[in-house]
Amino acid sequence: MKNIKIHTENMYLYYGSKMALNNISIDIPENKVTALIGPSGCGKSTFLRSLNRMNDLIDSVKIEGNILLDGINIYDKNIDVVSLRKKVGMVFQKSNPFAKSIYENIAYGPRINGINNKSELNDIVEKSLRNAAIWDEAKDRLHDSALGLSGGQQQRLCIARTLAVNPEIILMDEPASALDPISTSKIEELIVQLKENYTIVIVTHNMQQAARISDNTAFFYLGELIEYNKTKKIYTNPDKKQTEDYISGRFG
Amino acid sequence: MNKFKSFIKRLIGKFKEKKYNSTDKIDITNKRFRWSDFIAEKIIKSVAFFSITIIVLIFIFVFRESFPIFNFGAKEKPKTEQTSDSQEQYGVPAAEPAQQEQYGVETTEPAKQEQYGVETSEPAQQEQYGVQTTDDTTMVENITPVEETASGSTHDDNKQAVKTLITKEWQPVSDRPRYGLIPLLIGTLKITIISLLFAAPLAIFAALYTAVFASKRMKELIKPTIEMLAGFPSVVIGFFALMVMASFLQNIFGYDVRLNSFVGGIAMGLAAIPIIFTITEDALTSVPKTYYEASLALGATKWQTAFSVMLPAATPGIFAAILLGIGRVFGETMIALMATGNAAMMGINPFESVRTLAATIGAEMAEVVFGDTHYNVLFLIGSMLFIFTFAINAIAEFWVKGKLMKKIQGK
C-alpha cells in the first residue's frame, strides 16, 4: 500500500483500568475508504475517536503507543489539538446540526477559522453543500433552521459542515445507521465521490455497506484488530475463521 | 361476629387490588375501578387548584384595595375593620345617612359607618382634601371646620390623589399629599438596571465556566455553593450592604451620598446572582453534548464552542434566568429599604438615593390609615408590581420566542 495517511503502531487504549484497544497496528491509505467493522463494544468507535483525539474529552482515557498522521505522532505533547481536528474532521452517528440556520451551520467552521468575508463565506457554503449533495434541497431555505431538515438531509448537512473546514481526513461514525435506505444510498454515493479528495475512515454495522463502499476493511473484535485487508479479500476469502463467521452472520 | 368479619374482609377485598400470580392469566375484560389512583389524582388536582386559587385571590385582593382611588364619584368603599378600629372615634360627628344619600354614596350599613365617620363626602371639605391623611392631622383639622369631616378617603381625596399620581413628588404625608409614582418607578428601574448589569454578566460567566470548563470536582464544589446563596436571607445582604459595602464603595468611588442606587443595585445583584447562575447553568448543561463535540471536531477551541454554540443554544434558558433575576430585584424589599437611601428622587445619576416601589410599600404600609387614600395608593403600587412583572414576562416571552430565536436558530 502506498501513500499511508495514518499509521498506528502497538496502540493501547484504556478506560480507567479497563483495556479497550489492545495492540492495534494499522495503515490507512490516502484517498481510500477504510471501513471498520465488528460487533458493538469492540472498540472501533473508540479507535476512530482517538484518530482526532476526541477521546481527550473523557477524563479516564489513557493511550499508549503511536498514532502517526503523515509521519507525525498526534499524541505528542507539542501537537495543537485544535489544528489537528481541523485536519481530521468527524461526522457523528447521530446527525447533530447546531440549532442555527443551514447557512450558519456551514459557515460556523470557516468563521472560527477567521473567514469573515461575506462573499467568500457564500462560496464556501455553496461549495460544501454541493459537495455533500444537498445543495439542490437546501438552496432555497439556507436561512431556515437546520433542525427542520429530514434525518438524511441533516446528516448530509453535517458532512457538508465538515467539508467546509477543508479537512484531509474525514472520520465517520456509523453515519447512516439511523437513516432509511434511500438516504443511506445517497450518503454512500457521497462517500464514494468524496474519496477522490479525502481520506475516509468509516465505522459501520452494516456489512453490505462496508462491502459496497470501502476499499479496505478492518475487523475488530473485543478490542483487538483481528484482520485488516482489501475489502474484496475480507469478504470473499478471509484469513481468519472469526472474520468469516462474523461476515457470514454465523457469529456467537 | 363471624358474619361481621367476613363482611369486613369482603369490603377490604373490594378495595384492595387483586394481586396476580405470574401464572395467572390476565383478564382484560374485568374493568376495575382503581381507588388509590382515583384518590391520588383528585388530591393532586385539588392541591394544584388550591395553590392557583390562592395566587388569584391575592391578585384580586391587591387590585380591589387599589381600586377605590379611581372610583371617585361613583362608589366609595373604605375598608372597615370590625374589631379594633370600630372603637376609634375621633370625636367627629358622623355624617347623617340623609346627607350621604344626597351625594349618591352607597352605603351598605349606614349605622355602622356612622361610628367611624369615615365615609362621607362634603362639598365643604373640598378645600381641605389632603388634610386627613393621618390620624393626627385629621384630629387637628377636624376641630377647625365647623361641620363634619371624615378621616378616611373621600371622593375628592381620591380625585386629587389620582391627579398627583403622575407627578414627580412622593409626599404622601403632608398638608397637601402628593402621590407621584414616577420617582418610585424610576428608582425601581434604575436599581433593576444597575443590579442586572452587575449580576447578569457575572452569573452567566460563572455558569459558563461551571458548565463548560470546570472539572467535575470543581463543578461539584461551585454549584451547590452558589445555589446555597440563593437561600441567603435578603435582610443579611441588606445589612452587609448597609454597614460594609456602602462605606467601601464610597471610599472607592468617592460620591457624596453614602446610600444610593448604586450600592442598592449591587447588593440586589448579589441576591440575584444565585438565581441567574443556577438556571443558566442548567440551561447550558442541557445543551446536547453532541453540539459540543461537533463544534470541537470542526476545530473550534473551547471558548469558541462555548460562545458560538453553547450560549446561543441555551438562550431561552438564559432569558428565563434573567427574567427571574429581574423579578427578584423588582420585588426585593428589604435590601432596598436598607441600602438605597429611600429618597424618592428623579435623576438618572446612579449615585443618588432612590426609593423603590417595593420598599415604599414595606416602609409605609405599617403606618398608613386603613382605607385611606394613601393606603389605596400603596395597594396601587402593589398591583403595579404585579402588572410590571407580568408585562416583563410576557414581552420577553414574545420577543425571545418570536424574534430572537428565529434570528439565532433560523426560521
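B:Ile182 counts as partly exposed because its relative accessibility is 28%; the label covers the range between buried (under 20% relative accessible area) and exposed (over 50%), with a 1.4 Å probe and protein chains only. This is a predicted model, where local features need pLDDT of at least 70 and side-chain atom pairs count only at pLDDT 80 or more, while totals for chains, interfaces and linings use all residues. Residues are numbered from 1 along each chain as its sequence is written, chains are lettered from A in the order in which they are written, and side-chain values use heavy atoms, with hydrogens and water left out.

B:Ile182 sits in helix α8 (residues 182–213) of chain B; helices here are DSSP runs of H or I with at least four residues, strands are runs of E with at least two, and both are numbered from the N terminus. Skipping neighbours within four places in sequence, B:Ile182 is in contact with B:Leu165, B:Ile166, B:Thr167 and B:Met346, contact being heavy atoms within 4.5 Å. B:Leu357 lies 175 residues from B:Ile182 in sequence, yet their C-alpha atoms are 9.9 Å apart.

Now for the interface. On chain A, 27 residues are in contact with 21 residues of chain B. The two chains bury about 2,000 Å² between them, 61% of it on carbon and sulfur atoms; that area is the accessible area (1.4 Å probe) lost on putting the two parts together, summed over both. The rule finds 1 salt bridge across the interface, meaning a side-chain nitrogen of Lys or Arg within 4 Å of a carboxyl oxygen of Asp or Glu.

Here are some pairs with their distances.

| Pair | Relation | Distance |
|---|---|---|
| B:Glu293 – A:Arg49 | salt bridge, closest N and O atoms | 3.1 Å |
| A:Arg161 – A:Asn96 | polar contact, side chains | 3.0 Å |
| A:Arg161 – B:Glu293 | nearest side chain of opposite charge, no salt bridge | 9.6 Å |

A polar contact is a pair of N or O atoms within 3.5 Å; within protein, one must be able to donate a hydrogen and the other to accept it, and residues adjacent in sequence count only if both atoms are side-chain atoms.

A:Arg161 belongs to helix α6 of chain A and is buried. Setting aside residues up to four places away in sequence, A:Arg161 touches both chains, its partners including A:Phe98, B:Ala294 and B:Leu298.

Over on chain B, helix α12 (residues 289–297) is mostly covered, with 7 of its 9 residues buried. Among them are B:Glu293 and B:Ala294. Just after α12(B), B:Gly299 takes a positive phi of about 90°.

Terms used:
Lys and Arg count as positive and Asp and Glu as negative; His and the chain ends are not counted.
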